[in-house]
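Reader: I have some questions about the labels used for this protein. Can we go through them one by one?

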Amino acid sequence: LTLQVSPQFPRPNGEVTVKAASADTDIDVATFTWYVNGKVFQKGKGVTSITTTMGKAGSSTKVSVEVTGTNKKYFSKSTTIRTTNVFLLWESDGYTPPFYKGKALSTYGSTFTVTALPEFFTTTGTRINPKTLVYTWKKNGTIDPDQSGYGKDVYKGRQESYVRGEDEISVLVSTQADDMSSGDTISIVPITPEIVFYENSPLYGII
């Protein structure tokens with residue numbers, strides 16, 4: 001008996017689906033008893049999956065199942081799901097006028113910086129230092145080995161292609177023991193720079 005968890009990286013306070021699978025018996029007609037954190041969550045014939053809500057970041061949820069087949073064959077399995085989270089923030093080196101209050105957008109040929117902000121906690125609730133985690137960065141689906149590794153929570157890239165409409169940057173963050181992991185993906189869409197003229201009015205000043 002195996003348990004499949006979806007999504008792969010459950011978000012805090014988000015829903016997660018746990019599905020049972022077996023190659024030894026027809027579990028579609030078996031009797032299931034599901035437990036969440038030790039309490040009966042759902043039971044019945046053919047209940048091969050459940051959907052439950054996760055707790056806050058760093059919390060653990062234990063899901064167990066007992067299965068009795070039509071041939072009286074008994075199975076049991078459990079898994080512990082720990083919630084983690086990763087946010088990605090990006091900034092560009094694009095130009096903005098002095099005192100401009102907006103964000104510099106990415107343009108063709110400009111460079112950008114993506115910073116990962118992971119929320120990983122120990123079993124005692126202490127937040128894990130981001131510099132002690134392992135980062136695997138991908139650009140458009142291809143791993144960048146030079147910028148991936150221990151403590152590398154910042155990725156630097158350049159928008160070089162005029163054919164590709166955007167750059168997809170993703171990261172997989174995991175602990176050194178590989179007992180927790182989470183990931184996130186963002187798309188950075190470049191724009192074509194433009195020149196904007198402002199009227200210097202003798203009466204009202206720059207408009």
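Author: Start with one cut-off: buried means under 20% relative accessible area. By that rule F32 is buried, and so is W34. Keep in mind that this is a predicted model.

Reader: Why is T83 called buried?

Author: T83 has a relative accessible area of 1%. The limit is under 20%. So T83 counts as buried.

Reader: Where is T83 found, and what is it in contact with?

Author: T83 is in the loop between β7 (74–82) and β8 (85–92). Beyond its neighbours within four places in sequence, T83 is in contact with P10, R11, P12, M54, G55, K56, A57, G58 and S59.

Reader: How many aromatic pairs are there?

Author: Ring centres must lie within 6.5 Å. By this rule there are two aromatic pairs.

Reader: What makes the pair of F32 and W34 stacked?

Author: Their ring centres are 6.2 Å apart, and their planes are at 5°. Planes under 30 degrees apart count as stacked. Therefore the F32 and W34 pair is stacked.

Reader: Why does L117 count as partly exposed?

Author: Its relative accessibility is 36%.

Reader: Which residues form a nonpolar patch on the surface with L117?

Author: F87 and L89 do. Together, the three have about 270 Å² of accessible area.

Reader: How do you know that K103 lies over the face of W90?

Author: K103 is at 3.8 Å from the ring centre of W90. The distance limit is within 6 Å, and the position must also be within 35 degrees of the ring normal. K103 is counted as lying over the face.

Note on methods:
Residues numbered from 1 in each chain as written. Predicted model: local features only at pLDDT ≥ 70, side-chain atom pairs only at ≥ 80, totals over all residues. Heavy atoms only, no water. Helix = DSSP H or I, 4+ residues; strand = E, 2+ residues; numbered from the N terminus. Buried < 20%, exposed > 50% of the residue type's maximum accessible area, 1.4 Å probe, protein only. Contact = heavy atoms within 4.5 Å. Phe/Tyr/Trp six-rings, centres within 6.5 Å; stacked < 30°, edge-to-face > 60°. Patch = residues over 30% accessible without salt bridge, like charges linked within 9 Å, V, L, I, M, F, W, Y side chains within 5 Å. Areas by Shrake-Rupley, 256 points an atom, 1.4 Å probe, with all protein chains shown as cover. Salt bridge = Lys/Arg side-chain N within 4 Å of Asp/Glu carboxyl O.
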